[in-house]
Amino acid sequence: MKKFLKWLLILSILLFTILVIVGFVLHEPKPAATPSPEADAVAQKMMAAVDKAAWDTTAIISWDFAGRQQYLWDKERNFVKVMWGERMVLLHTKSVTGKAFTNGKEVTGDDANDLVQKAWKHFCNDSFWLNAVVKAFDPGTSRSMVETEGGAEAMMVSYESGGVTPGDSYAWILDEDGLPTSYKMWVSIIPIGGVEFTWENWVTLDTGAKIATLHKSAVFDLEMKAVKGAASLEAYGLGEDPFVELLRN
C-alpha cells in the first residue's frame, strides 16, 4: 500500500509539473490595450455582420449548451428557463430571483436560492457563448485594437463590470466582412492567457440574427445545439406561457 501511495504521489507531481510547463508554453501575455474610436468602428462592423438589429427583435430563443444545460430565454420579459439534469429553474434575470424545481417538485428555502444562483451563473456563462458578439458595447466595456502573438490584428473587448466574472477580456479576430472567426481569452477562470476558441458553424435564426454554434480550441470544443429563435411566443410555436409561475409572484 505504501509503495502504491508513493508511486501515486510521484505521478501526481509529474502530472502537475507537465501541466505547469504546458501552461507556461501556451500562455500568451495580454496585449496592451488603449480604447479608441477605430476599435469602436470595428466592433460596430462586427455586430452588423451578425445582424444585432435582428437579434434585438428576437424575443424568444432556446438552445442546448454542450449537452450540459438547456435554455428557453424570453428576452423581452427577462425570463429564462434553465434546465440541467433533474433540475429546472424559472429565473428572472434582472432581479436574479425565481422558482426552482427538482424532478418536477418545487424546492423552497435555502435550497431553492442555491439553485437560483447556480442557474444564474450557468446563464451568464452560456448566454455569453451563445452570442457574445452583441455584448461588445455593454455597460462597463471598452474596446481596443491589439496585436496578438503571431501578428494577427484583433479588436479586444474588456469587461470591467457585469455578469459573474468582471475583468475578463476577449480579442476578436474577424474576417474581411467583420464576422468573427475566433477570439482569444484572458479570463479569471482560466490561468492560461490567450486561449483561442473558434466561432464557426453559423446559423441564421428566423428573425435574421446569426449565431455561431461551434467553438473549437486546442483542448476541447463547445457546441450550441438545437438553437431556435423567434420574434414572439406564438412565432416560436408555444401555445401556453412557459413562465406563468413567475407571473404569479
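In the predicted model, strands S2 and S3 form a hairpin with four residues between them. Within this turn, Asn-78 has a positive phi of about 60°. S2 (residues 69–74) runs antiparallel to S3, and five bridges join the two strands. Trp-73 has Val-80 as its bridge partner in S3.

S3 also forms a hairpin with S4, here with two residues between the strands; Gly-85 in the turn has a positive phi of about 60°. The antiparallel pairing of S3 with S4 (residues 87–92) comprises six bridges, and Val-80 is partnered in S4 by Leu-91. Five of the six residues of S3 (residues 79–84) are buried, so the strand is largely enclosed by the rest of the structure.

Eight salt bridges are found in a search of the whole structure. One of them joins the side chains of Lys-184 and Glu-28, at 2.9 Å from N to O. Lys-184 lies in strand S10 (residues 180–186) and Glu-28 in the loop between helices H1 (2–26) and H2 (37–49), so the contact ties together parts that are 156 residues apart in sequence. Lys-184 counts as buried at 8% relative accessibility, as does Glu-28 at 4%.

A salt bridge also connects Asp-40 with Arg-143, with the closest N and O atoms 2.7 Å apart. Asp-40 is partly exposed at 27% relative accessibility, whereas Arg-143 is buried at 11%.

Arg-87 and Glu-86 form a salt bridge with closest N and O atoms 3.4 Å apart. Asp-74, Arg-77 and Asp-241 are linked in a salt-bridge network.

Key. Residues numbered from 1 in each chain as written. Predicted model: local features only at pLDDT ≥ 70, side-chain atom pairs only at ≥ 80, totals over all residues. Heavy atoms only, no water. Buried < 20%, exposed > 50% of the residue type's maximum accessible area, 1.4 Å probe, protein only. Pairing = 2+ DSSP bridges. Salt bridge = Lys/Arg side-chain N within 4 Å of Asp/Glu carboxyl O.
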